[in-house]
Amino acid sequence: MPAASTILLSPADNVAVANGKVEAGAVLPGGAAASQPIEPGHKVAIKPIAAGEAVVKYAQAIGRATRDIAAGEHVHSHNLAFESGRLPVVPPGEAAHATETDKARTFMGYRRADGRAGTRNFIGIIASVNCSATVCHAIADEANRRLLPNYPGIDGFVPIVHGQGCGMSATGDGMMVLHRTLAGYARHPNFGGVLMVGLGCEVNQLTLYGQKGVAAGKRHFNIQEAGGSRKSVEKAMGVLAEIAEEVGGLKREPIPVSEIVVGLQCGGSDGMSGITANPALGVAVDILADVGGVGILSETTEIYGAEHLLGARAATPEIAGKLDGLIKWWEDHTARHGASIDNNPSPGNKRGGLTTILEKSLGAVAKGGQTPLNGVFNYAEKVTGHGLVFMDTPGYDPVSATGQVAGGANVIVFTTGRGSCFGCRPTPSIKVATNTTLYNAMEEDMDVNCGVIASGDKSIAEMGREIFELIVETASGRKTKSELFGYGDNEFVPWHLGATL
């Protein structure tokens with residue numbers, strides 16, 4: 001029987017990953033034979049694993065065997081369970097470096113009055129409350145129909161709507177997070193201008209944003225004061241025409257690549273995510289960090305079990321301590337709701353070969369490359385500094401990306417193994433496929449195919465460089481597949497904390 005097509009990620013591992021379907025009898029690394037067919041992305045034992053023994057992948061424990069596992073046997077949910085312990089930290093690898101040419105490069109972006117760099121020139125219509133969401137959609141539709149043809153320098157009028165803003169406490173974490181998120185969008189550099197629309201009687205009053213200095217230079221009004229829904233649409237046309245006159249003639253100009261801020265996302269992960277796309281994105285992040293740009297790693301529930309790898313790279317003990325504090329908060333938070341962080345892997349993740357949150361997390365942190373961790377931020381908090389940083393968010397992709405954009409991300413890169421569809425206006429979203437089968441099946445949604453890493457056609461370093469180049473091109477105006485399709489109006493999902501009253 002020929003040797004199986006598998007990937008052994010570390011000599012310390014006791015499982016290999018099927019790189020394509022492995023037939024029964026195929027020879028595995030170490031000489032054992034597969035005792036049954038193994039689907040692509042799934043794990044197979046390459047040596048006997050006793051009940052209670054750690055199953056090791058990426059040279060890290062991803063769980064414990066729930067029964068004796070023979071060499072050649074499929075390893076998955078039926079014989080592997082969540083294990084909260086950690087093996088010793090593997091020393092971080094060498095980070096990829098930028099060239100001197102990279103450090104002198106620019107992208108073609110929009111320089112805003114506050115000094116920040118935009119990669120798009122949208123105008124936003126932001127709802128303060130769910131009650132004004134329909135009117136905001138109507139305003140955006142009418143503006144795109146009536147005004148946009150007259151201003152080719154504007155990328156579009158974008159409704160930013162949500163389901164919060166009333167029926168909630170005026171104080172506490174829930175309102176604080178909503179304020180921070182909407183404020184981050186109101187001042188986002190990819191918006192040339194913003195109109196904020198309220199109903200008038202909601203808890204989340206527009207006057208609160210003026211008090212916080214967020215609405216300075218922004219236009220805003222309430223539907224009740226405007227005389228109703230239709231009159232609000234007409235009132236908005238006049239306001240938006242003024243904004244369009246101000247920003248419709250703006251031109252892209254050279255801006256240092258150090259001002260690119262990339263939000264790192266993964267969704268619909270599979271067994272190849274941590275082997276192909278995520279490590280390749282990590283190389284791109286290393287290069288971006290080396291030129292002075294920012295990569296925002298997030299999804300706290302999806303680094304669980306691998307947070308020690310990030311902590312070992314923290315620039316200061318305080319940064320490592322803040323990250324540990326987030327993990328403890330999430331453990332308490334999920335326990336209070338009768339859940340476990342290990343509930344995170346979805347059915348699609350498991351069909352793709354992932355078994356526990358530890359395994360998923362070890363692949364997810366690869367998006368952050370090997371560069372030092374320079375900061376930890378709260379959800380939707382304005383990101384400052386340079387290099388790799390971490391933002392506390394849930395693992396749910398729209399909520400997580402919303403926080404990153406509110407924090408200032410002007411590009412999103414989103415890896416997927418199962419085929420997540422996503423866009424995030426006003427920020428362009430680059431979609432990276434982990435495997436060639438997915439890329440071929442959903443090419444109209446995928447910008448990059450990292451399946452060529454598994455096939456041996458390109459290296460992780462080569463694909464990392466390719467992703468970095470695409471980030472720069474996208475920041476300069478190249479449209480992504482999700483932008484061409486029209487994603488982005490429904491993916492603004494602020495994190496909802498606190499009671500609904």
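Q: How many of the residues of helix α11 (residues 357–364) are buried?

A: Eight of the eight residues of α11 are buried, and the helix is mostly covered. They are I357, L358, E359, K360, S361, L362, G363 and A364. Buried means under 20% relative accessible area; exposed means over 50%, and partly exposed lies in between (1.4 Å probe, protein chains only).

A word on the model. It is predicted, so local features need pLDDT of at least 70 and side-chain atom pairs count only at pLDDT 80 or more, while totals for chains, interfaces and linings use all residues. Residues are numbered from 1 along each chain as its sequence is written, and side-chain values use heavy atoms, with hydrogens and water left out.

Now step back to the whole protein. It has 16 helices and 21 strands. Its radius of gyration is 24 Å, close to the 23 Å that the globule rule gives for 501 residues, so the protein is as compact as a globular protein of that length. The radius is taken over C-alpha atoms, and the globule rule is 2.2 Å times the number of residues to the power 0.38. Along the principal axes, the C-alpha atoms fill a box of roughly 75 × 50 × 40 Å. Buried residues make up 59% of the 501. Contact means heavy atoms within 4.5 Å. Of the contacts with a separation of 6 or more, 70% come from residues 24 or more positions apart.

Take E299. It has a positive phi of about 65°, although it is not a glycine. Its loop runs between β16 (294–297) and α8 (307–311). E299 counts as buried because its relative accessibility is 0%.

A380 also belongs here. Its phi is positive too, about 65°, and A380 is not a glycine. It sits in the loop between β17 (373–377) and β18 (387–391). With a relative accessible area of 0%, A380 is buried.

N190 is in the loop between α3 and β12 (191–198). N190 counts as buried, at 0% relative accessibility. Leaving aside residues up to four places away in sequence, N190 touches R112, G118, T119, R120, N121, F122, N410, P426, T427 and P428. M237 is 47 residues from N190 along the chain, and their C-alpha atoms are separated by 21 Å.

One of those partners, P426, has a feature of its own. A cis peptide bond joins R425 and P426, with omega about 15°. P426 lies in the loop between β19 (411–416) and β20 (429–433).

Helix α3 (residues 173–186) packs with helix α12 (residues 397–406) at an angle of about 55°, and their axes are 8 Å apart. Axes are lines fitted to C-alpha atoms, for helices over the stretch in contact, and angles run from 0 to 180 degrees between N-to-C directions. The two helices are therefore oblique to each other. The cut-offs are these: under 35 degrees is roughly parallel, over 145 roughly antiparallel, 65 to 115 roughly perpendicular, and the rest oblique. The crossing of α3 and α12 is left-handed. A crossing is left-handed if the near helix is turned anticlockwise from the far one by less than a right angle, and right-handed if clockwise. T181, G184 and Y185 of α3 meet T402, V405 and A406 of α12. These residues divide into three nonpolar, three polar and no charged. Here Ala, Val, Leu, Ile, Met, Phe, Trp, Tyr, Cys and Pro count as nonpolar, Asp, Glu, Lys and Arg as charged, and the others, Gly among them, as polar.

The crossing is right-handed. From α7 the contact includes P279 and L281, and from α15 it includes M463 and F468. By class, the contact has 13 nonpolar, one polar and one charged residues.

Finally, S273 is in the loop between β15 (261–266) and α7. S273 counts as buried, at 3% relative accessibility. Beyond residues up to four places away in sequence, S273 touches N278, P279, G417 and T434.

Conventions: Helix = DSSP H or I, 4+ residues; strand = E, 2+ residues; numbered from the N terminus.
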